[in-house]
Amino acid sequence: MLQIATCEDLEEEANGLSASLEALLDKRQLPHVISLFSSGEELIAALEGGLQFDLCLLDIYLAGLNGVDAARRVKELAPSIQVAFTTSSREFAVEAFDLDAVYYLVKPVTEEKLRTLVERFLRRQKKPVTKLTITTPVKDYVFPLQRVVKIQSNNKGVDIYLHGEPQPQRIPLSFVRVEEQLDEERFLRISRGFIVQMDAILRLDGDVCLLKDGTSALISRRERKEIAAATTTTCSRSHKPPPEKRRAHDDAAAVPR
């Protein structure tokens, strides 16, 4: 039974969202309970009182505690809860990315957008993938997914950097062919020939993507907006070519530090 919370302070929009979501879940024959909350504070109080949810769908522009701050508190209380946002603006898309949001729905909320939300959520509920496999004409290269930090183009091939290893692993396959095999739910293109693994990102800090291994990649201001916009598309980070890659400016240099 899916336990879903919606947090919307406009009653008409809250009822419409709940009805649309319920109809979609019924169509897919997914047992569910949808709980409606009119403020971030009310949702937090419910969690503190012992209620449990699989997914929280929050409007960003809530009165009082806004949706982003409420989602941060939700993740503190129950890290396993998936969060998604509804909003009339893309202004907070980067913050949504930092919170690993399932989806960022720009209003009006349509059936297509809700379908994308549900599909992304269900994919995350499945058993997680633990390995990265890159297939070449000669052999398959297999890496522990959580050890992959970044992938960088190098002389008609790619270098894969693994956590704890000083030297990268070389794969004799073009960057484009490697990129086509990556899961967009897990990898983010930062610049021309440079990709990072999502879990290796420490944070996005203005024009810089800081990685947990102590290195960083520069992002142009203009392309930072493109990364934000990419979180709202139906290109769901599930790298099935040829989707639009979430990327920073192709001319921005990736600078190891």
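**Close-up views of a predicted model**

At a relative accessibility of 39%, aspartate 100 counts as partly exposed. The model shown in these views is a predicted one.

**View 1. Aspartate 100 in the loop between α4 and β5.** Aspartate 100 has a positive phi, near 55 degrees, and is a residue other than glycine. Most residues other than glycine have a negative phi.

**View 2. Glutamine 29 in the loop between α1 and β2.** Strand β2 covers residues 32-37. Glutamine 29 is not a glycine, yet its phi is positive, at about 55 degrees. With a relative accessible area of 71%, glutamine 29 is exposed, because exposed means over 50%.

**View 3. The cis peptide bond from lysine 107 to proline 108.** Omega of this bond is near 5 degrees. Most peptide bonds are trans. Proline 108 is found in the loop between β5, which covers residues 104-106, and α5.

**View 4. Helices α1 and α5 packed together.** Helix α1 covers residues 11-27 and helix α5 covers residues 111-125. Their axes are 10 Å apart, and the packing angle is about 60 degrees. The two helices are therefore oblique to each other. The crossing of α1 and α5 is right-handed. On the α1 side, the contact is made by Leu17, Ser20, Leu21, Leu24, Leu25 and Lys27. These residues meet Glu111, Leu114, Arg115 and Val118 of α5. By class, the contact of α1 with α5 holds 6 nonpolar, 1 polar and 3 charged residues.

**View 5. Helices α2 and α3 side by side, roughly parallel to each other.** Helix α2 covers residues 40-48, and helix α3 covers residues 67-77. Their axes come within 10 Å and cross at roughly 5 degrees. Angles under 35 degrees count as roughly parallel, so α2 and α3 belong to that group. From α2, Gly40, Leu43, Ile44, Leu47 and Glu48 take part in the contact. Their partners in α3 are Ala70, Arg73, Val74 and Leu77. The contact of α2 with α3 has 6 nonpolar, 1 polar and 2 charged residues.

**View 6. Glutamine 197 in strand β12.** This strand covers residues 194-197. The relative accessible area of glutamine 197 is 1%, and the residue is therefore buried. A polar atom of the glutamine 197 side chain lies 3.1 Å from the backbone nitrogen of aspartate 199. Leaving aside residues up to four places away in sequence, glutamine 197 touches Leu145, Gln146, Val148, Val149, Arg186 and Phe187.

Terms used. Residues numbered from 1 in each chain as written. Predicted model: local features only at pLDDT ≥ 70, side-chain atom pairs only at ≥ 80, totals over all residues. Heavy atoms only, no water. Axes fitted to C-alpha atoms, helices over the stretch in contact; angles between N-to-C directions. Helix = DSSP H or I, 4+ residues; strand = E, 2+ residues; numbered from the N terminus. Parallel < 35°, antiparallel > 145°, perpendicular 65-115°, else oblique. Left-handed = near helix turned anticlockwise from the far one by under 90°. Contact = heavy atoms within 4.5 Å. Nonpolar A, V, L, I, M, F, W, Y, C, P; charged D, E, K, R; others polar. Buried < 20%, exposed > 50% of the residue type's maximum accessible area, 1.4 Å probe, protein only. Polar contact = N/O pair within 3.5 Å; in protein donor to acceptor, adjacent residues only side chain to side chain.
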